Amino acid sequence: MLVLPIKKKWFDMICSGEKKEEYRDIKPYYQARFQNHLYPEGDKDMIDIFFRNGYGKSAPSIRCLCALRKGTGKEEWGAEKGKEYYILEIKKIVERIGMKG
């Protein structure tokens with residue numbers, strides 16, 4: 001399981017089902033965390049990810065099952081045009097933690 005911080009705008013869009021992917025830069029930091037989960041075809045390995053809106057332990061979080069691949073993302077979901085990322089494709093929101101309402 002990985003815990004990744006995420007900005008409120010993107011967190012809310014994922015919670016509502018509007019945003020289906022989250023992007024992370026291709027850097028050694030993420031390479032080390034994702035190395036056992038990356039497949040060229042994607043979808044072969046599901047990763048249990050906690051997206052946390054903030055850094056505190058009580059920050060709202062969602063636990064998602066995600067598929068991992070490399071590719072270019074969608075600008076409306078925060079990606080830069082033509083830039084390659086690690087793409088976490090959100091397959092299912094499993095749990096919501098600390099959410100109001």
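**Stop 1: E22 and its contacts**

Select E22 and show what surrounds it. Leaving aside neighbours within four places in sequence, E22 is in contact with I6, W10, I14, F51, Y86, I87, L88 and I90. Keep in mind that this is a predicted model. E22 sits in strand β2, which covers residues 21–25.

Is E22 buried or exposed? The relative accessible area of E22 is 6%, and buried means under 20%, so E22 counts as buried.

Now show the polar atoms. The side chain of E22 makes a polar contact with the side chain of K19, at 2.4 Å. The E22 side chain also makes a polar contact with the side chain of R24, at 3.2 Å. Draw both distances in the viewer.

E22 and C66 are 44 residues apart in sequence. From C-alpha to C-alpha, E22 and C66 are 9.4 Å apart in space.

**Stop 2: the whole chain**

Zoom out and switch to cartoon. The protein has two helices and five strands. What order do the elements take from the N terminus on? They run β-α-β-α-β-β-β. The radius of gyration is 13 Å, close to the 13 Å that the globule rule gives for 101 residues, so the protein is as compact as a globular protein of that length.

The trace spans about 40 × 25 × 25 Å. Next, colour by sequence position. Take the contacts between residues at least 6 apart in sequence: 64% of them join residues at least 24 apart.

The protein exposes about 6,300 Å². Carbon and sulfur atoms supply 48% of that area. Buried residues make up 37% of the 101 residues.

Colour by charge. There are 21 positive and 15 negative charges, and their mean positions are 5 Å apart.

**Stop 3: helix α1**

Select residues 8–16, which form helix α1. Which residues of α1 are buried? They are W10, F11, M13, I14 and C15. An α-helix has 3.6 residues a turn, so residues three or four places apart point the same way.

The buried residues of α1 pack against β2, β3 (46–52), β4 (61–72) and β5 (84–97).

Step just past the helix to G17. Just after α1, G17 takes a positive phi of about 90 degrees.

**Stop 4: I6**

Move back along the chain to I6. I6 is found in the loop between β1 (2–5) and α1. At 6% relative accessibility, I6 counts as buried.

Show its surroundings. Leaving aside neighbours within four places in sequence, I6 is in contact with F11, I14, E22, R24, F51, R52, N53 and G54.

**Stop 5: S61**

Select S61, which is in strand β4. At 4% relative accessibility, S61 counts as buried.

Look for polar atoms here. The backbone oxygen of A59 lies 3.2 Å from a polar atom of the S61 side chain. Then show the wider contacts. Not counting residues up to four places away in sequence, S61 touches F11, F50, F51, R52, E95, R96, I97 and M99. F11 also belongs to the buried residues of α1.

**Stop 6: the loop between β4 and β5**

Select K83, which lies in the loop between β4 and β5. At 28% relative accessibility, K83 counts as partly exposed. What does K83 touch beyond residues up to four places away in sequence? The partners are D25, G71, T72 and G73.

Pick out D25. A polar contact of 2.9 Å joins the side chains of K83 and D25. Then pick G73. K83 and G73 are 10 residues apart along the chain, and their C-alpha atoms are separated by 7.5 Å.

Finish on G82, which is in the loop between β4 and β5. At 66% relative accessibility, G82 counts as exposed. The C-alpha atoms of G82 and E21 are separated by 16 Å. Along the chain, G82 and E21 are 61 residues apart.

Technical notes
Residues are numbered from 1 along each chain as its sequence is written. This is a predicted model: local features need pLDDT of at least 70, side-chain atom pairs count only at pLDDT 80 or more; totals for chains, interfaces and linings use all residues. Side-chain values use heavy atoms; hydrogens and water are left out. Helices (H or I, at least four residues) and strands (E, at least two) are DSSP runs, numbered from the N terminus. The radius of gyration is taken over C-alpha atoms; the globule rule is 2.2 Å times the number of residues to the power 0.38. Buried means under 20% relative accessible area, exposed over 50%, partly exposed in between (1.4 Å probe, protein chains only). Contact means heavy atoms within 4.5 Å. Accessible areas come from the Shrake-Rupley method with a 1.4 Å probe; for residues, only the protein chains shown count as cover. Lys and Arg count as positive and Asp and Glu as negative; His and the chain ends are not counted. The place of a charge is taken as NZ of Lys, CZ of Arg, CG of Asp or CD of Glu. A polar contact is a pair of N or O atoms within 3.5 Å; within protein, one must be able to donate a hydrogen and the other to accept it, and residues adjacent in sequence count only if both atoms are side-chain atoms.
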